[in-house]
Amino acid sequence: SAIYFGFFLTLVAIRILPSLQTKTFDNKALLVGTVVPILIDGICSLFNIYQSTTLLRMITGSLFGIGIALLLHKSLSEIIQSTVTSKQRHYEIEAR
């Protein structure tokens, strides 16, 4: 549920803070920065290197949710913008 919390919180922040809507992130760095912590936590817990705590799982899950929300928002925004632009051009050609 921490993943969902981070995801939801990020989407709300993007809507509230206009600067986040136009901000660009390095996709690779964002992916590494959000996947690596949850991956390390999961692998270490799986192989009994240490016992993960609820707080650590909440932190790594939230980071992952934030990263996924930022990546998806950017990608979906670009797809929607491209579709809208394409449709506008199509209707402009038909109107002539």
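**Helix 1 and helix 4.** I looked up how helix 1 (residues 2-16) passes helix 4 (residues 54-95) in this predicted model: the axes come within 6 Å and cross at roughly 45°. Helices here are DSSP runs of H or I, at least four residues, numbered from the N terminus. Axes are lines fitted to C-alpha atoms over the stretch in contact, with angles from 0 to 180 degrees between N-to-C directions. That angle makes helix 1 oblique to helix 4 (under 35 degrees is roughly parallel, over 145 roughly antiparallel, 65 to 115 roughly perpendicular, the rest oblique). I noted the crossing of helix 1 and helix 4 as right-handed (the near helix is turned clockwise from the far one by less than a right angle; anticlockwise is left-handed).

From helix 1, the residues in contact include F5, F7 and L11, and from helix 4 they include M58, F64 and H73. Contact means heavy atoms within 4.5 Å. By class I have 13 nonpolar, six polar and one charged residues (Ala, Val, Leu, Ile, Met, Phe, Trp, Tyr, Cys and Pro are nonpolar; Asp, Glu, Lys and Arg charged; the others, Gly among them, polar).

**Provenance.** The model is predicted, with local features needing pLDDT of at least 70 and side-chain atom pairs pLDDT 80 or more, while totals for chains, interfaces and linings use all residues. Residues are numbered from 1 along each chain as its sequence is written, and side-chain values use heavy atoms, without hydrogens and water.

**Helix 3 and helix 4.** Next I took helix 3 (residues 27-46), whose axis comes within 9 Å of that of helix 4 and crosses it at roughly 150°. The two are therefore roughly antiparallel. Their crossing is left-handed.

**Lining of the largest pocket.** Which helix gives the most to the lining of the largest pocket? Helix 4 does, with five residues. Helix 2 (18-22) and helix 4 each supply at least two. The lining divides into four nonpolar, five polar and three charged residues.
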